[in-house]
Amino acid sequence: MISFEIKHNSGKSLYVQLYEYLRQEISNGRIETGERLPSLRSMASAVGMSVTTVKQAYEQLMAEGYLVSRPQSGYYAAQGAAVKDVHRGLREQDGNEDGYDSDSGMQKDDDVPLSFDPESFDFVKWKKCMSAVLNETPELLLSEGDRQGEPALRKEIAGYLYKSRGVICSQEQVIISAGTQQLINHLGRILRMMDIMHVSVEDPGYMPVRSIFRDLGFSMSCIPVKDNGILIERLPVNLRTAVYVCPQNQFPTGAVMPISRRHEILDWAEANDSIIIEDDYNSELRYTGMPIPALQGIDRCGRVVYLGSFTSTLFPAIRISYMVLPERMVGLYESIKNNYDQTCSKTEQLTLAEFMRRGFYNTNLRRVRKLYSDKLQEALGAIREYGSEGSFLAAENTQSGINIILRLNTHTRVISYGKNGYTRTGEIRREMADRLVKAAADAGIKVRSIDQLDRDGQMYLVFYYNQIPLESIRNAVRTMVEGFKSAVTKGSLSLPSVYEVIRLTGGKPQFLKEHYERLEKSLASMGMPVPFTCEYLADRIDDLVAEIGIEDHNVKVEVDVGGHSIMYLNPTHYPSEKMYETGVRTGLFRGERKNPNIKMMDHDLRDATDKAIRAGGLYEVLLVNRDGRITEGSRSNVFFIRDGEVYTAPSDEVLLGVTRTMIIRIIEKAGIPIHYCSVKKDELGSFDAAFISGTSPKVLPIACIDGITYDVNDPLLRYIMEKYDKL
């Protein structure tokens, strides 16, 4: 990162000052070869200049060979610039060696994850502070660290907490460790010394804390969390206990405890001689309004243990957390502290103390708060755009912190429990969660599932957006959502299963009887009956529509070989109005279905065709069999028109789509000649028009197939489209 100050009386223009500073940093190797510089906008904000001024400095550095610009990626210190003479010119760049995808701007090097943003921390200032420790006070590093934490850092933390969070404490009350979980272990031992053997925790809440207290032998109560925080009226009475709460930004709901409820929980603690454990994680990173003061600051009876961490406001590799004990508990800690080593690096503690003493921590915090706020807004906009305006994916807990809670709107419902009456709902949920996490990881994005929040058939994930570079967030979210949609579309049941996708229009299922009949045929081929009636399925769909108020969507029904069946909302793939007017681009793909007449998911084929569709920027690909004949689309049926006659593949070669059946009825009823034969690849140029059909696309004109164009306004094509829409 950049540490630069404008010299207003130097007589040099602003861009020259910045240019000379950056040139010196690169020449001396302080900005290393290949290191990415801040974007124009970020640099302008950091140094207090206009974007135009920064651009002038960057352009001069590029002209002299100190910087290189990578399309859709950014500016980087050029190779050899550290020893290069200013007059030697720019080194030639070799091909695509920059490790970036020129289309997406995302990193391709697996060793550098997408969730890495060098602009999120000022490492230059951190290095200066570490150098000061090493150069000015090396003798401090030759002795063992303080088991409670370095006094210099504890002093800085106590002063910072009073000014920023309203926490009232002395440095003697502060305990430092490498991570909150280690501090909870210390706290558990202190509570046992106080004869407190019961802990209440938030539900949903931070699971590692539950595990630690359970492992330490504490009995436990899980107290529900609502919009204003933990339900205080459900806390134990007449029992000494400790309650773990996150009043500023409850994880994972984002609930904030109002001041009145804070006084209530303090009164409860006093009345029951109990302790409150306040986890104040991410409290500084609030993006709407002012940060909310800590509960500890209004505690007048010494009942609150305060927990905090620097991980979110510094960088992930720093594992420095702290605990502030009430004065009454300090002596208990001192009686046991010599039994346990300090787990936090003394060098890092002293560096952080210097970082805070010089004011760098506050400066960095203000900067990352603005940066993360910008990232949050960019992420939310992309989630709305690519998450189908919330119908597929929506964001929750968006006011603070470094992550967003994503709600996957599947509304999964069990229709039948299987032959042995055993429901595998939990197992199915975990398998789907694993697929979603992997889909994000494949895109270099960190998410994890939160099964505590799952309700009403929804799924919840934590999305860590903070370390993704600002300019990469939109593409990252798009890739992530595409991966989620692909994972859901592949089906939820792990056992071999058949399925139907039924379209809702105005809240009513279209062609339900025909879909049910095809489901019967698919299951019959496996020697199984449908485990529910068509009427029962209709009632369950009606219940779902009434419950969530959905109008236009796709409902997917799956039945596995064990008779277990579910239904859920499937990601829609509806064409736009423009696509119906101008047609869509398609391509060819060599592949065949294993069982073309059974609607069974072929994961390998779906993965391959989805990849081809994305790579070609296509709406659909048409399958070409081993004989070079076109059978159907990867998720649709296909028809061709020539001289007023229709051509489509024979029924035994394709999946018998319900929409396809309706179209054939329209054609036959109108007396239009129809030929059941697969079209050869080399015959494509002989047809006037072509279209695909399916539950989502209905009747959709094809504008071109691998560069061969067709008439999207062919009269017969438009006639079929009109008749199907009326039907």
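Predicted model: local features only at pLDDT ≥ 70, side-chain atom pairs only at ≥ 80, totals over all residues.
**Ring pairs**

The structure contains 20 aromatic pairs. Start by selecting Tyr58 and Tyr75, which form an edge-to-face pair with 4.7 Å centre to centre and 70 degrees between the planes. Tyr58 belongs to helix α3 (residues 51-63) and Tyr75 to strand β2 (residues 74-77), so this pair ties together parts that are 17 residues apart in sequence. Tyr58 is buried, and Tyr75 is buried too.

Next, select Phe251 and Tyr281. Their rings also make an edge-to-face pair, 6.3 Å centre to centre with 80 degrees between the planes. Phe251 is in the loop between β7 (242-245) and α8 (259-271), and Tyr281 is in the loop between β8 (275-279) and β9 (304-309), so the pair ties together parts that are 30 residues apart in sequence. Phe251 and Tyr281 are both buried.

**Charges over rings**

Show Arg189 together with Tyr340. The charged end of Arg189 sits over the Tyr340 ring, 4.2 Å from the ring's centre. Then move to Arg503 and Tyr574, where the charged end of the arginine sits over the tyrosine ring at 3.9 Å from its centre.

**Cavities**

There are 5 cavities of 30 Å³ or more in the structure. To outline the largest cavity, select Tyr499, Arg593, Met600, Met601, Asp602, Leu605, Arg606, Thr609 and Ser634. Colour helix α17 (residues 603-616) separately: this helix provides the largest share of that lining, 3 residues. By class, the lining of the largest cavity consists of 4 nonpolar, 2 polar and 3 charged residues.

Which residues line the second largest cavity? Select Leu161, Arg165, Asp280, Tyr281, Asn282, Ser283, Glu284, Tyr306, Gly308, Ser309 and Tyr322. The volume of the second largest cavity is about 40 Å³. Two or more residues of its lining come from each of the elements α5 (151-165) and β9, and β9 gives the most, with 3 residues. Sorted by class, the lining of the second largest cavity holds 4 nonpolar, 4 polar and 3 charged residues.

Notes:
Residues numbered from 1 in each chain as written. Heavy atoms only, no water. Phe/Tyr/Trp six-rings, centres within 6.5 Å; stacked < 30°, edge-to-face > 60°. Helix = DSSP H or I, 4+ residues; strand = E, 2+ residues; numbered from the N terminus. Buried < 20%, exposed > 50% of the residue type's maximum accessible area, 1.4 Å probe, protein only. Lys NZ or Arg CZ within 6 Å of the ring centre and 35° of its normal. 1 Å grid on protein atoms, 1.4 Å probe; cavity = no way out; pocket = protein on both sides within 12 Å on 5 of 7 lines; lining within 4 Å. Points joined across faces, edges and corners; volume = space filled by probe spheres on them. Nonpolar A, V, L, I, M, F, W, Y, C, P; charged D, E, K, R; others polar.
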